[in-house]
Amino acid sequence: MSKGLEGNANRGVRELGAEEKVGWDEVTQGVVLHSFVGESKNAAFLKPEERVYNDFNSYTATVASWRVIKPIYNRDICIDCQNCWVWCPDTSIISRDKQMLGIDYDHCKGCGVCVEVCPTNPKSLLMFNEAADNDAELENWPVKEKKAK
Ligand code: SF4
Ligand code: SF4
């Protein structure tokens, strides 16, 4: 994967909860937490790695430390259909210019939806124990299942 497309340098740099919190009764009514630093009206037209996220945006935090299973992605089989990108409930599929690039492990919760919707045979995404070694699992990827005659 191209390093430059993995996201901003500040993606997933802090553990959620490590910062000092303000109590619910200390928050000023109507307070607005801006997601981006500075002008943000064109943020929707920028790729995530081009946006300047504020420190209290969850983009800058690792929010997946409790994940127990994870998807592993096999580029060799993927047909870039973008199904996983569309269905991931956590926006944790990294895709640029309609090409699937990998998983954002700082935000993926291990729900397995991406694996369910992947149409290839064998699947290009499979779920593994969180401690699994990605390279080793890719070496042992399942082979194509033949249709019963
Ligand atoms: S396991 Fe769930 S959260 Fe993680 S990339 Fe797949 S669909 Fe997204
Ligand atoms: S759903 Fe499967 S084939 Fe389609 S882009 Fe995602 S990993 Fe690739």
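**Core, fold and ligand shells**

The largest nonpolar core of this predicted model comprises 12 residues: Ile72, Tyr73, Cys84, Cys88, Ile93, Ile94, Met100, Ile103, Cys114, Cys118, Leu125 and Leu126. Two or more of these residues come from each of β3 (69-73), β4 (93-96), β5 (99-103) and β6 (125-129). A nonpolar core is here a set of buried Ala, Val, Leu, Ile, Met, Phe, Trp, Tyr and Cys residues joined through C-beta atoms within 7 Å; a residue is buried if 20 or more other C-beta atoms lie within 10 Å of its own, exposed if 12 or fewer, and partly exposed in between, with C-beta atoms placed from the backbone. In soluble globular proteins, nonpolar side chains tend to be buried together.

Residues are numbered from 1 along each chain as its sequence is written, while chains are lettered from A and ligands numbered from 1 in the order in which they are written. Because the model is predicted, local features need pLDDT of at least 70 and side-chain atom pairs count only at pLDDT 80 or more, whereas totals for chains, interfaces and linings use all residues.

The protein chain has 3 helices and 6 strands (DSSP runs numbered from the N terminus: H or I of at least four residues, E of at least two), in the order β-β-β-α-β-β-α-β-α. Of its 149 residues, 19% are buried.

Ligand 1 is surrounded by 13 residues, the closest being Cys88, Cys108, Cys111, Val113 and Cys114 (C-beta atom, placed from the backbone, within 6 Å). Around ligand 2 there are also 13 residues, of which Cys78, Cys81, Cys84, Cys118 and Ser124 come nearest.
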